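Dear colleague,

Please find the structure below, handed over for your records and further use. My notes on what was found in it follow directly after.

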Number of protein chains: 2
Amino acid sequence: MTTKKLGSQTAALASPPSFAGWANVAGKKEGEGPLASTFDYIDKDDTFGESTWEKAESTMQKQALGLALDKAGQAASSLDWLFAGDLLNQCISSSFAARGQDIPFFGLYGACSTMGEGLVLASMVLDGGFGELAAVTASSHFCSAERQYRTPLEYGGQRTPTSQWTATAAGAAILAREGLGPYITHVTVGKIVDKGIADTNNMGAAMAPAAHATITAHFQDTGRSPSSYDLIVTGDLGVLGSELLIELLRRDGISLKAHADCGAMLFDIKGQDVHCGGSGCGCCASVLTGHLLNGMKAGKWKDILFCPTGALHSPTSSFQGESIPGICHAVAISASR
Amino acid sequence: MTTKKLGSQTAALASPPSFAGWANVAGKKEGEGPLASTFDYIDKDDTFGESTWEKAESTMQKQALGLALDKAGQAASSLDWLFAGDLLNQCISSSFAARGQDIPFFGLYGACSTMGEGLVLASMVLDGGFGELAAVTASSHFCSAERQYRTPLEYGGQRTPTSQWTATAAGAAILAREGLGPYITHVTVGKIVDKGIADTNNMGAAMAPAAHATITAHFQDTGRSPSSYDLIVTGDLGVLGSELLIELLRRDGISLKAHADCGAMLFDIKGQDVHCGGSGCGCCASVLTGHLLNGMKAGKWKDILFCPTGALHSPTSSFQGESIPGICHAVAISASR
């Protein structure tokens, strides 16, 4: 067999897997934002009927998976593999969401890039001939993230202008070896990029160089260019991170004619007081499994490059003076194969 | 292409990937134990020359990877993919170890089962035709784990009889699409199993049902039996967890003639005061990449079933009254293919 690897970090899927179903759930604030109509379920008080924020996040992931399976017309028992991840210590949202579901399970940690990492691995595993159906889920919750990463909600800490708002959202996608599309045709796996940004309230700046590196590698590995895509969507660089990405690409003589960022799209930036925009694993996961895939299905876009970004630090690494390692995975999604 | 999936959770590798190189590093206490001669490097004071335990753990993972690459006669730049994970919040040991290494990176969270999860994914990706060479690394450090999961070291907390000792160790394996073996022929991906054990000082009991489920599934999916293997090695069930596994299998009428457990082998259980044995991602990672693969190379065993186990809880989930979800992945390693 010849290798299906292109260049240094891209895989070309020989039989591009198809999105068989997708769904998302979101919190109250997200449900009041510009993408409200693209959410399958919006909770009225962000508890999702649970007694703790962590259990709420777990329930969100379970709900999103159940809804995506319904749309795909499949039962959980027909899934060959489940790839899942989140931001919480020891990824408990994912493990507890998968408990009792009886599906072979892969836990991932890619911070806010997790949805991309999961799609990359699920695509390669299905294309490799292993099984017929895989699910990818990712989630985040504003309240579980705030108390883990920052301060107790009750403290009411002031937020800096460059900060982003962790989305209360989860997304799930079902991939099938055969189907009607959209299809994942190429995946570019990110390398860790760290340009020395140490401000945990400016993660857009920390992640922009990783997005720049992966998008550049994707073009080099595949011979494609910005014009190959109707839309190039970054994960959650937010407003400032997006500007930095555009500037980094401009210096290379590359201009992205159609760029959007999930973090900048999820909220009404000024009206909802989210400073630089949304973030969290659930941000790009819910934008993909609503706005983006719905739009492709409706014929709005034919080719999208979906580029989730992640900041791979922890409070401990930051307290110890470390800068923030960034990563970005790129997933090429096409209406045809 | 016909599917390479057997039964509900096993993948059969069409072109079994070969271990091209493997290496490990260990701390002082591990270096005084029964497996001392199987470690490539033993640090004299567990700092590995770093100023914090977290940085020490990151350095361990980097060292293990470097040594394994040396043994494989390969440069880091020839690696197609790196799969890595650890126990720390946001998996910082792995991300910081991979920083600056310029390798497409997949972050994993499978608790102490991480080495198994990484070998499963790397095998499927290589067998699927994606690239030629992949590395899998995992680590744990007694001191970084104690302060994250339990109490500050200086507190000198009393340990219960069922507790295990987090290994200060890291292991790295290089897998190649072609090579002289040993080979990974089958992988059985774990489902999450939770029988309601909530005592975080008895993780062997929490994980034993997962090991039981995965080993049983492996036999069912492949048509194999205990006699197919010269050795069936669980990850870190420890002494008590191993007894529980043997009892669970005995009730099904299955007897494992040759069973060993990495947690029970790593230390001199009584002489080194480790209660039920070793644990942590680095425990089975370092036993595989020393004692087990060296033994296979020396002709001691021809067929091994390597079954790392993980406990997927967090301090937060335990404080909220949750029980401990367990997982176990099984990797069939053979001297021939």
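In which loop of chain B is B:Pro182 found? The residue sits in the loop between strand 9 (169-176) and strand 10 (183-188) of chain B. Please bear in mind throughout that this is a predicted model.

**Cis peptide bonds**

B:Pro182 is joined to B:Gly181 by a cis peptide bond, with omega at about -5°. In chain A, a cis peptide bond likewise joins A:Gly181 and A:Pro182, where omega is about 0°. A:Pro182 belongs to the loop between strand 9 and strand 10 (183-188) of chain A.

**Relation of the two chains**

The contact between the chains draws 53 residues from chain A and 54 residues from chain B. On the side of chain A that touches chain B, two or more residues are given by each of helix 3 (92-98), strand 6 (105-108), helix 4 (114-127) and helix 10 (315-319) of chain A. Helix 4 of chain A gives the most to this side, with five residues. By class, the residues of the side of chain A that touches chain B comprise 24 nonpolar, 17 polar and 12 charged. Of the interface residues of chain A, 100% are also interface residues in chain B, so the copies meet through the same surface.

**Domains of chain A**

Chain A is divided into domain 1 (12-176) and domain 2 (183-334). The C-alpha centres of these two domains of chain A lie 17 Å apart. Their contact takes 51 residues from domain 1 of chain A and 52 residues from domain 2 of chain A. Among the elements that give two or more residues to the domain 1 side are strand 3 (18-26), strand 7 (133-140) and helix 5 (142-149) of chain A. The largest share of that side, seven residues, comes from helix 4 of chain A. The side of domain 1 of chain A that touches domain 2 of chain A has 27 nonpolar, 19 polar and five charged residues.

**Helix 2 of chain B**

Helix 2 of chain B covers residues 53-72; at 1.5 Å a residue, its 20 residues should span 28 Å, and its end C-alpha atoms are 29 Å apart, which agrees. This helix of chain B is mostly covered, as 17 of its 20 residues are buried.

B:Asp46, in the loop between strand 4 (41-42) and helix 2 of chain B, has a phi near 70°, a positive value in a residue other than glycine. B:Asp46 has 21 other C-beta atoms within 10 Å and is therefore buried, the cut-off being 20 or more.

A:Ala111 is not a glycine either, yet has a positive phi of about 45°. A:Ala111 lies in the loop between strand 6 and helix 4 of chain A. With 32 C-beta neighbours inside 10 Å, A:Ala111 counts as buried.

With kind regards

Conventions
Residues numbered from 1 in each chain as written. Chains lettered and ligands numbered in written order. Predicted model: local features only at pLDDT ≥ 70, side-chain atom pairs only at ≥ 80, totals over all residues. Contact = placed C-beta atoms within 7 Å. Helix = DSSP H or I, 4+ residues; strand = E, 2+ residues; numbered from the N terminus. Nonpolar A, V, L, I, M, F, W, Y, C, P; charged D, E, K, R; others polar. Expected span 1.5 Å × (residues − 1). Buried ≥ 20, exposed ≤ 12 C-beta atoms within 10 Å, placed from the backbone. Domains from an automatic or database assignment.
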